[in-house]
Amino acid sequence: MSETNSAVSQVADPADPGVVVHLRKPPVVTASAVGTAPPRTPSASDTVTVTIDGRQVQAKAGEWIIDAADQAGVYIPRFCYHPRMKPVGMCRMCLVEVEGPRGSTLMPACFNPVSDGMTLHTRSPKALKAQEGVLEFLLVNHPLDCPVCDKGGECPLQDQTLTYGPGETRFVEEKRHWDKPIAISELVYLDRERCIQCGRCVRFADEVAGDALIDFAERGDRTEVAVFPDSPYSSYFSGNVVQICPVGALTSKPYRFKARPWDLEQVETTCTSCAVGCRTVVQATQGQVTRLIGVDSDPVNWGWLCDKGRFSYPDASDAGRVSVPMIREGDELVESTWAEAIAKAASGISAALRFGGGSSVGVIGGARLTNEDAYVWSKFARVALGTDNVDAQLGDGLPAQTVLGLPRATIDQAAAAPLVITVGSDVKDELPVLYIRLRHAVLEGATQLVELNTTPTGLSPYAADTARYKPGELAALAVAITSKSEPTGPVAGVDASTIASIRGHISRAGREAGPSGPAVVVLIARPSLAENDEQVATAARILAEIPGVAFLSGLRRGNIHGALDMGMAPGILPGRVALDTARSYYEHHWAAELPAEAGLDTSGMLVDAARGHIGALVLLGSDPLVDFPDADGALRGLVGARFVVAVDTHLNESVRRADVVLPAAPWSQRRGTFTNLEGRVSWLGQVTSPGSAWPEWMIAVELAARLGVDLGYESPEGIWAEIEKLSPLHRGVTHEVLSGPYGRDGVVVPVGASGHSTAAVRPLDPMADPGISSAERHKVAASSLSYGRAGAGSSSAMKPAQPRTAQAPASDSGPDAQVEPATPPLVGLPPVPVPSPSKPAGSAVGGALTLVTRRKMWDGGTAVQSSTYLSGLAPPPVLVANPAELAALGVAEGEKVTVSSAKGSLTVAASADAGVARGIAVIAWNLPGGRVGELIDAGDRLNFVSVEPGGDK
Amino acid sequence: MTFGESTRIVTARLHNERSWTISSYLAAGGYQGLRKALTMTPKEIHDQVNTANILGRGGAGFEAGRKWGMLRQAQPVYLTINGDESEPATFKDHALIEGDPHQLIEGAVIAAYVIGAAQVFIFVRGEFPLAIERLQAALNEAYDYGAVGANIFASSFSVDVVVHPGAGAYICGEETALLESLEGKRGYPRIKPPFFPAVMGLYGAPTIVNNVETVSNLPWVVINGGDNFAALGEGRSKGTKLLALAGHVKRPGNYELEWAKVTFRDLIFDPALGGGIRDDNELKAIIPGGVSSPWIGPEHLDVSLSNEAIAGIGSMAGSGSVIPMDHTTCMVRAAWRIVRFFHRESCGQCTPCREGGGWLEKILERIEMGQGRESDLDLLMDVCDNISPGVSWPPAQTTICVLGPSMPPSIASGLARFRDEYLAHIREGRCPFPPDRLPRRLARV
């Protein structure tokens, strides 16, 4: 029997929190945290009584028969139906017999709603004959090559044939033949012989992702799924079609022939590729991660994953992986031992502390850490290093106080709000599954979208209004759309009528907002890496004055929100509290003295390092040379720092410059918790062994020990227990809660603040999550399968934690226990920033264009470039400008141009886009062969470039 | 009775010189119906059409006036004319569009006036290039003449008409597939409910889809009154019917006859009509209402061609295509040909039609080629049963639309009448009939 089996049986044991599989018995949930929002009592008006197979059941009026049957525990076979897509009734597998006034008729259960008094039979002779007939038809042209098919063992066609199909074939003719497989994209192969034409992939591409790049061609039994000529299915979401294909027609290049499903170990976890935090199952065999499958978490990802999250798992490639500690010997990094490397790192840090004190050391990075890692490093920096120079952001995000202090929305609240305003981000590239949710809200819900952006984005086609404002004038635009009086003329390059229309949307939203959710949700992100964060921070503060507004942070990097909540930012301490208000609280509980003043952010640390003021710099899973907006500034900083310790999974450019490299365990090899952009905390499972790498918390503990500080942590669970006890943000979110019935959807912190409910755990649908469920169906007792369908967990919601009294952590019996300081307040709204006159707007020479740069999904970063399958997907760098701009330069589409700033120059091809305003040059951030960072001066408010025809001037 | 001189409505002008031009049409009293209609209220015309009891001429035989009455009250409303006549041996609309396009336009504008549509689409089969050319030319003439466009004949009624050529799919004659195709999508029949385009049609708006022949009757009905129309024919089958006589007769062609007043014998054997079976051969079977209808035999020759009478013998009048087959016809080959047509025109959307159709085609081909097994006969019937449960008439269906259930009738009725002929194929290991005049295996498309 496989490992999966043991993993699943282990999870019933609350004493072993290490393995969290989503199918576990609901554990006893602590009363402090769970159980509010009264279970939805369906009113009589929206409930109907239906007789299914002779049993009377209650169903929601208007729901599809197939859904009502699922709820009643009656499984109706299906292929084309998917709970997250509109039904089409194509495959005819779900035909059931429905009694009517003129006799019984066969109806597709996915396309007919229940009605009161309806009587239907799913297993009557007539229904069974139809179901068997359809299955026989589906097998007529199916090659039955299960032994060599990736889907074998987890195939809905296989499974449902066994249950509903004919015993043997009556088909003696030749089956249809096609070339196979054909690559429909860089990541997906299509085998048309296996295809049963259910249309799930075609519908997903169009309906869910908005990339209608595949469709049916031909007729009759020659019907095939096809891509358009010269147009591959290059979608950011292509992996989902592989996941939802009910046969082996669509397979993914990375998983093809890698494993059989029954050999896979699996664990449910959260994807940390970006800050959306999609729920997923990671599957591995022989210690290697082989596949990710999206799990349907109702408040987050609905089962979908983006291709970056799905395919950039650690074992997709070992290129550049750090597996053993390394130390610098001259110009080279050589392999070493943990003992030697830790000793060398500690001595380097000690030396710096001896000469310069806490202000001469710094920690850059932390977004790839778990919450537990981040907490320990945050404490390590303050207690062992005596510094507040800690920053998980790389000068490319937003001020921490802005992110932490603004009122927050959940994704569900955004999708239910009358108005969503996106500022700065290209959600499709940066937070892909959030794009799917917002697009769905606009197309299927009542949400309207307003986009404040300098350039077109993936969401632009869905925006009711788009303000293409002038870079650097976002704050003025924010004033114009929120102030009492209508503007009389254009503001920030946006005409008065557009502003008036946006103002109309805002006031309409205020009228239409429901009693509980926010009226307006603003997704706030850095509009451009070639612009500092001053404008966007100011704009956020102004937009925060809109009545009923709540924010979604657009910070994209992995666990950045968890890192900030844990104090991985200057002036912030764990629990979303400020250093100055929480100092005494933590000094008491940590029994140590904390830095007196707020420290430096990444930008400040790099500037200080360049001046020679930094004696030791720790790179904590960060690559400033690539990610810091100002490449030159980053290089000066790294060169200027006298001693650099890198803790990382990959040998990136910055790590190669370090004096000591400590290998950190990648995502699938450690456990802990993750916080997404909503503040949703969820449990990360570990599926493979870390080998000789260590989780980051352990590295901090060992370093601290060498520096003479005993942090005393032994496991992520122990760390989390301390966080739950000390952090005012995480009160009530115990490990039991996270690994219990709320495990799949996580818990938004602080509990109760958002009115968020974790009620809707979807019933397990073997067709919606084919990869997982099939394994489960074979290995899990039937009683476990009912998880989420009924019982306390499915209908209750999180309850606000009872604020603990100051005496609460009574076990903490330090010498000052009797005078324990009060729990500090959470960080509040940031003050309205005063624009600093000292920061120049860069030097704009005549004819210069304002540089705008943002990230693409496929970029030059480590996650993409170290993957065999993804590295080729990053497009070459292109300068995009208004056609008039290119015409003025005399440059044709595709021609090479040289883009130069005071800092440097870059040769790229030019491309015209009428959606880009005049005066702007758009170059995607750091694609292979085009380091935009080399053009940028992080000290400037805006950066300008001049463009000349011809290459390499 | 001389059928050649019976009342003609829709084909009255067809033999006039250059009948498709507006000058010819006007000389024969064209557009008088529309002029009169514009002096009436839409309700008055609707009442006349109800009195006339015009059954839809596209095949299903649903009363046109009743269909209009089911229109959901919402704006906009669209009128779509179904001219996608694509079934083998059906060619009546073809003749009407090609020979009298102005009559179609006039009827369409009258219908648009009744239902309050400001936009009409005439969907014409793409393989009718001459019909499309003449209809488009006629439409241009009609615009110039003021019969289409803004303020028709100086009235306050305005309507635009667009001719839309089909892209070569039989399924687009199915009204919901036609609407999908008009919307620019793949021609997939829509799944029901909603059952009627009158509720949710083109672009989700209430839409009336009428057949070419149906609306071509409207100018006459407006001029002569619904009761004069209803005075022709019998029972529900009122007015005249344009019958497309094909198959093994001496004089195939379109015959407009007072409905329900002629029998199959009249149509096939009257010298003014079919003129008898070719080479004076023996009549073996008749396909009475298009190739999706169950076959009938010589014993039914004296059945009237009315909707009700044909339904009474377990078949259907359909769109009015009658195909007699003589004794030289191989019944296996005939069924194979019909099934092959339907399978290849199956849109591929739902499983029973897509896969079941292909399977039936392969089994029939095997039997015809002498590779059959006796068990194949039960297999054929069971596959038919999985497409159309019960294999009864009118057919039930496991499919989305009626294309799939159009395959079983020729197999089931053929097997019921000619089981021995199927068995002869199997036992002799070859087809006992001489080869076709056409190549036996047509190239796969």
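**Close-up views of a predicted two-chain model**

**View 1. The interface between chain A and chain B.** About 2,900 Å² is buried between chain A and chain B, and carbon and sulfur atoms give 54% of this area. Three residues stand out on the chain A side: A:Phe137, A:Arg170 and A:Arg219 supply 25% of the area that chain A buries against chain B, more than any other three residues. In the contact count, 33 residues of chain A meet 37 residues of chain B. The model is predicted, and the totals for interfaces use all residues.

**View 2. Chain A as a whole.** Chain A holds 29 helices and 36 strands. Of its 953 residues, 62% are buried. Among contacts in chain A with a separation of 6 or more, 72% come from residues 24 or more positions apart.

**View 3. A barrel in chain A.** Six strands of chain A close into a barrel, in the order E31-E35-E32-E34-E33-E36, with mixed pairing. Neighbouring strands of this sheet are turned by 45° against each other on average, direction ignored. One pairing joins strand E32 (residues 878–881) to strand E35 (residues 920–923) of chain A. The sense is antiparallel, over 2 bridges. Within this pairing, A:Val880 stands opposite A:Val922 in E35(A).

**View 4. Strands E11 and E12 of chain A.** Strand E11 (residues 265–270) of chain A is mostly covered, with 5 of its 6 residues buried. E11(A) pairs with strand E12 (residues 279–285) of chain A in the antiparallel sense. The two strands share 6 bridges. A:Thr270 has A:Arg279 in E12(A) as its bridge partner.

**View 5. An aromatic cluster in chain A.** Five residues form one aromatic cluster: A:Tyr375, A:Tyr585, A:Tyr586, A:Trp590 and A:Tyr713.

**View 6. An edge-to-face pair in chain B.** The aromatic pairs over all chains come to 25. One of them joins B:Tyr113 and B:Phe157, edge-to-face. The ring centres are 5.1 Å apart, with 75° between the planes. B:Tyr113 lies in helix H6 (residues 101–115) of chain B, and B:Phe157 in the loop between helix H7 (129–145) and strand E3 (160–165) of chain B, so the pair ties together parts that are 44 residues apart in sequence. Both B:Tyr113 and B:Phe157 are buried.

View 7. B:Phe341 and B:Phe342 form an edge-to-face aromatic pair. Their rings lie 5.3 Å apart, centre to centre, with 65° between the planes. B:Phe341 is buried, at a relative accessible area of 18%. B:Phe342 is buried too, at 0%.

**View 8. Charges over rings in chain B.** The charged end of B:Arg340 sits over the ring of B:Trp336, 5.0 Å from its centre. Elsewhere in chain B, B:Lys284 lies over the face of B:Phe418, at 5.4 Å from the ring centre.

**View 9. Helix H5 of chain B.** Helix H5 (residues 92–99) of chain B is mostly covered. Of its 8 residues, 6 are buried. The buried residues of H5(B) are B:Lys92, B:Asp93, B:Leu96, B:Ile97, B:Glu98 and B:Gly99.

Notes:
Residues are numbered from 1 along each chain as its sequence is written. Chains are lettered from A and ligands numbered from 1 in the order in which they are written. This is a predicted model: local features need pLDDT of at least 70, side-chain atom pairs count only at pLDDT 80 or more; totals for chains, interfaces and linings use all residues. Side-chain values use heavy atoms; hydrogens and water are left out. Rings of Phe, Tyr and Trp (its six-membered ring) pair if their centres lie within 6.5 Å; planes under 30 degrees apart count as stacked, over 60 as edge-to-face and the rest as tilted. Helices (H or I, at least four residues) and strands (E, at least two) are DSSP runs, numbered from the N terminus. Buried means under 20% relative accessible area, exposed over 50%, partly exposed in between (1.4 Å probe, protein chains only). A charge sits over a ring if NZ of Lys or CZ of Arg is within 6 Å of the ring centre and within 35 degrees of the ring normal. Two strands pair if DSSP finds at least two bridges between them. Axes are lines fitted to C-alpha atoms, for helices over the stretch in contact, and angles run from 0 to 180 degrees between N-to-C directions. Contact means heavy atoms within 4.5 Å. Buried area is the accessible area (1.4 Å probe) that two parts lose on being put together, summed over both.
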